[in-house]
Amino acid sequence: MRGWWNASLGKRRRLIRSYRRIAPFVRHDYVTEQFGEPAWQHKRTVRKYAAPIEGIEPDEPLEDAELTVRTWPLGLFGYLVTWCNEDDEVLMYSLTTRSQLFRPRVSVGPHRITLGKTLLAALPGPDPKGSGPWHELGARRFSYAEEHYFGNPGGYLSWAVGISDAGSPLAPPIGCQGDSWAADDIAAYRRTARINSVLVIGPAIDLEGVLPRGIAPDLDTVRLLELRHPALSTRYYAVKAAVGRCLKNTRETG
């Protein structure tokens, strides 16, 4: 019984407690104390703004910055991803669920959501000052992300929430393949799609080029864990089939 608890419900509670202990600008070593060593690590270049003054960001980015992106597989529950600067301070981090047994309640500014359960429409519309929402739908991959910003009450941080093909439940953004996606279509999608990923962003990070796929780990990388967990292989083909059905329905309905 103890082994079952530690591998299932007990592990879930420990993961949630560990996630709630991290925040922007904590050290990478501190994160490893909570979650152990990451499974993947690579470099990504993002654009950084000057430090915001009273929540106001300048119009132009100052420089490019190379960040270290690390990914932790949380067993069969989900994934944690951190983005660290050259001093190994965490500037961004994301949490993704892919199991019905892992439905953590997390904060998005003053709001509380449950990953895998809360609808996008439960949050206010995307920040009008942001560049999003970001969406992508291909032959076998998809992502959707939107940014939320709450000023001083939110510590001048931003939150991106969305749906990743590496998470669960799956909800491809049907109809977004064109150059534009009508506001009514986005509103309809937000009323049905359930959030499976959240990205917490420190001040001064430009999300253009990071989202929508940066909302979670890259599926083409993490799915290779099917060598350890064969269930992932079935999940990958389920993602591909879901996207295929959505594209077929879109073509049939025009």
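**View 1. The whole chain.** In this predicted model, buried residues (those under 20% relative accessible area, with exposed meaning over 50% and partly exposed in between, for a 1.4 Å probe and protein chains only) make up 48% of the 254 residues in the chain. The chain holds six helices and 11 strands, taken as DSSP runs of H or I with at least four residues for helices and of E with at least two for strands, numbered from the N terminus. Its accessible surface comes to about 12,700 Å², of which 50% belongs to carbon and sulfur atoms, the areas coming from the Shrake-Rupley method with a 1.4 Å probe. Residues are numbered from 1 along each chain as its sequence is written, and side-chain values use heavy atoms, with hydrogens and water left out. Local features need pLDDT of at least 70 and side-chain atom pairs count only at pLDDT 80 or more, whereas totals for chains, interfaces and linings use all residues.

**View 2. The salt bridge of Glu146 and Arg190.** The side chains of Glu146 and Arg190 meet in a salt bridge at 3.0 Å, N to O, a salt bridge being a side-chain nitrogen of Lys or Arg within 4 Å of a carboxyl oxygen of Asp or Glu. The pair links distant parts of the chain, with Glu146 in strand 8 and Arg190 in helix 4 (residues 183-190), 44 residues apart. Glu146 is buried, at 0% relative accessible area, and Arg190 also counts as buried, at 9%.

**View 3. The salt bridge of Arg141 and Asp220.** Arg141 and Asp220 form a salt bridge through their side chains, at 3.1 Å from N to O. Because Arg141 lies in the loop between strand 7 and strand 8 (142-149) and Asp220 in helix 5 (residues 219-222), the pair ties together parts that are 79 residues apart in sequence. Arg141 is buried, with a relative accessible area of 5%, whereas Asp220 counts as partly exposed, at 26%.

**View 4. A positive surface patch.** Arg20, Arg105, Arg112, Lys117 and Arg194 form a positive surface patch, for which residues need over 30% relative accessible area and no salt bridge, and like charges are joined within 9 Å. One of these residues, Lys117, is placed in the loop between strand 6 (111-114) and strand 7 (134-137), and Lys117 is exposed, with a relative accessible area of 56%.

Note on methods:
Patch = residues over 30% accessible without salt bridge, like charges linked within 9 Å, V, L, I, M, F, W, Y side chains within 5 Å. Lys, Arg positive; Asp, Glu negative; His and termini not counted. Charge placed at Lys NZ, Arg CZ, Asp CG, Glu CD.
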